[in-house]
Amino acid sequence: MGILFLGQPLMAQNPKTTEDVKDSVTIVVNDSTAQDSTLATSVSDEALSAADEAEAEGGFHKQLKTKFIDGNVGFMSLVALALVLGLAFCIERILYLMMSEIKAKRLTEDIRKCLEADDVEGAKNICRSTRGPVASVCYHGLLHIKQPMDAIERSITNFGGLQAANLEKGCSWIKLFIAMAPSLGFLGTVIGMVMAFDQIQIAGDIGPTIVAQGMKVALITTIFGIVVALILQLFYSYILSKIEKLTGDMEEAAIDLLDIIATYKNRK
């Protein structure tokens, strides 16, 4: 009897334990499935964000090309041509000015040492072997070393003016393109407005769709023209600063050279 009564609870507990195990297994499976889905979602979100970033990086050129076409290719090509030619002149001037820069103090000290040693030809050779307008001015002064000081000073001043003019060669073209770029943009603006009014006249009605095309041409060409002018203006300002520095170096070297020549003549 005892065995029968005790066996029934034990047999009743076994199915319950099995059901609990099944429930726990189901919960674990559901949790793992939820984690996998969450991980897959995060990975897909990261992939989409990376794809959006790549599209945004490559989309700038596409948008620029689209705006270039929308702004009337004819006028936008003229603005782009002004930018290319202006940058070509700017780069040429910048390279020339960078090659013309030297240490003027070291040059005048070398000339001083040569003249103190009565080696005028050595001083001339130093100037000939040194690039730039500063060395050219010094060499021109040494060529007239046997003349009076007034004549030497006058000769250096005249030759220095020529060298300063050579430094500014090509800057007039840069100023022309700076003025031309926004002018072409404003011309495109006027033509875009005329196109808009023509479309209104043809349609006989004023609507955003009719006016949008002409207004787009008007605004885009103006924006591109102003941007080109700003870019060229930055380069032009840098070129002017370089020219001013070289002009100051020439004037300082000319003054030092006159003092050196005066000392040399007094010693003689």
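Start by selecting D256: setting aside neighbours within four places in sequence, D256 contacts K105 and T108. This is a predicted model. D256 sits in helix α8, residues 208-267. Its relative accessible area is 17%, and buried means under 20%, so D256 counts as buried.

**Helix α3**

Next, select residues 104-116, helix α3. The helix has 13 residues, which at 1.5 Å a residue should span 18 Å; the C-alpha atoms at its ends are 18 Å apart, in agreement with that. Colour A104, L107, T108, I111, C114 and L115, which are buried in α3. They lie on the same side of α3, because the arc they cover around the axis is only 120 degrees.

Which exposed residues does the face of α3 turned away from its buried side carry? They are K105, R106, K113 and E116. Both contacts of D256 given above, K105 and T108, can be picked out here: T108 is among the buried residues of α3, whereas K105 is exposed. After α3 comes D118, with a positive phi near 55 degrees.

**M250 in α8**

Go back to helix α8 and select M250. M250 has 5% relative accessibility and therefore counts as buried. Show the C-alpha atoms of M250 and A104: they are 8.0 Å apart in space, although 146 residues separate the two in sequence. Then display the contacts of M250, leaving out neighbours within four places in sequence: P133, V134, V137, G160, Q163, A164 and L167.

**I152 in α6**

Move to helix α6, residues 149-167, and select I152. Is I152 buried or exposed? I152 is buried, with a relative accessible area of 0%. Not counting residues up to four places away in sequence, I152 touches G141, H144, I145, Q147, L258, I261 and K265. From this list, take I261 and show both C-alpha atoms: I152 and I261 are 9.2 Å apart in space and 109 residues apart in sequence.

**Helix α7**

Finish with residues 171-203, helix α7. From first C-alpha to last, its 33 residues reach 49 Å, close to the 48 Å expected at 1.5 Å a residue.

Terms used:
Residues numbered from 1 in each chain as written. Predicted model: local features only at pLDDT ≥ 70, side-chain atom pairs only at ≥ 80, totals over all residues. Heavy atoms only, no water. Helix = DSSP H or I, 4+ residues; strand = E, 2+ residues; numbered from the N terminus. Buried < 20%, exposed > 50% of the residue type's maximum accessible area, 1.4 Å probe, protein only. Contact = heavy atoms within 4.5 Å. Expected span 1.5 Å × (residues − 1). Arc of directions from axis to C-beta.
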